[in-house]
Amino acid sequence: MNPAYATVDHTFTVPLDHRAPGGPTIEVFAREVADPSRAGERLPWLLYLQGGPGGKSPRPTAGSPGWLPQALKTHRVLLLDQRGTGRSTPVTARSAARFASPDRLAAYLSHFRADAIVADAELIRRTLCGEAPWETLGQSYGGFITLTYLSQAPAGLRACYVAGGLPGLTATADDVYARTYPRVRDRVLGLYARYPEDAARLRRIADLLASDDIRLPNGDRLTPHRLRTLGLALGMGDGFERVHWLLDEAFDAAGELSDTFLHQVMSLTGFTGDPLFAVLQESLYGQGEGPTGWAASRALAAFPEFAGDADPLLLTGEMMYPWMFREIAGLRPFAEAAELLAARSDWPPLYDPHRLATNRVPLAAIVHHDDMYVDAGLSLRTAREIGATRVWVTNEWEHDGLSASGGRVLARLTDLAAGRA
């Protein structure tokens, strides 16, 4: 037990496919957290829905995640490891390699989207709360899950809070990436404006990688396009500094790429702990309107400023490309299954526009004005299409404002939902 918190671990057995409850099962893990001084009280439940896809819930330490102390003033919190993550029958490169065929792996992975996560949550709610509704807090992709929850099982919800995660209800993967590249470009140019020397460092590294066969500690070749995926970090509050200080130690005294740099790049770009983030990144936009078809890769052609020989060299962001599944060790076992998922055109809908339009569950959301990951324009359009919704638009924080604000964002969201702000 963490001395700052009273915790109880829960494991639930759930159907892999909730439409076939007599079929294969998986386990879903969740950690109950309470203020030790109030652990014996009957407190309302707050279900935390982590961002991702493919992200496990945070592991609580003293004062972390930043929103947790605020939540525990009034609630008992359930930190859910969404199916396939953390301790919830995890999907890993090793487990993927055990499947007899890519078809079977792709079929398995198709059960890890928001609709299945909501079905898991409802089974867990009934186990812990009976028929009483609970509240949810969704960060980033957790907001996408929230809207699926409001579409499919609103009776299970008392109130919902969303931080940086209102998706476009009808936005396709093509719509999303047409909007994403310009935002990533602006963030990279912002990095260069703050740290002008980083543009030259990145070009020097990329040129070296193009001419030499340089290997990461796990044997993967570090290529210029893998280097550029470091831009994924730039949408967080400390993103500029994380990339800058990584580049600051890129070269050793002999002028070669340092062991420190190579090890950190391997960790940051390897997807070892969260392969579902890459595998399902585009599938979460599929709603039966056609295949996602590697939308980020196709959209790249419309933005020549992202060419490998462009000046300055631009990093990429939350985009997944086919080459990743050939070149990154942690993703190779998923390669053929990922192609099948990209070609799938019959994904079931995740949102019910009519039910959302008539929603009566209080929904409070923060929209980060300059969010690199979730388009603010799509978020505000969605907010207008959902009943009982109040939105706070700000540029005070980046995408990670829920934790970075030390509880202020959550406090404001709960006030909004209750009509106090």
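Reply: Two strands pair if DSSP finds at least two bridges between them; helices (H or I, at least four residues) and strands (E, at least two) are DSSP runs, numbered from the N terminus. This is a predicted model, in which local features need pLDDT of at least 70 and side-chain atom pairs count only at pLDDT 80 or more, while totals for chains, interfaces and linings use all residues. Residues are numbered from 1 along each chain as its sequence is written, and side-chain values use heavy atoms, with hydrogens and water left out.

Me: How many bridges join strand S1 to S2?
Reply: Strand S1 (residues 6-15) and S2 run antiparallel. Within this pairing, Thr11 stands opposite Phe29 in S2. The number of bridges joining S1 to S2 is 10.

Me: In S4, which residue is the bridge partner of Val33?
Reply: S2 also runs antiparallel to strand S4 (residues 76-80), joined by four bridges. The partner of Val33 in S4 is Val77.

Me: Why is strand S2 largely enclosed by the rest of the structure?
Reply: Buried means under 20% relative accessible area, exposed over 50%, and partly exposed in between (1.4 Å probe, protein chains only). S2 spans residues 25-34 and is largely enclosed because, of its 10 residues, those that are buried number eight.

Me: What arc do the buried residues of helix H16 cover around the axis?
Reply: In H16 (residues 376-384), the buried residues are Ala376, Leu378, Ser379, Thr382 and Ala383. The arc is that of the directions from the helix axis to the C-beta atoms. These residues lie on the same side of H16, because their arc is only 160 degrees.

Me: How far is the sulfur of Cys160 from the closest cysteine sulfur?
Reply: A disulfide is a pair of cysteine sulfur atoms within 2.5 Å, and the structure holds zero disulfides. Cys160 counts as buried, at 0% relative accessibility. The closest cysteine sulfur is in Cys129, too far for a bond, at 14 Å.
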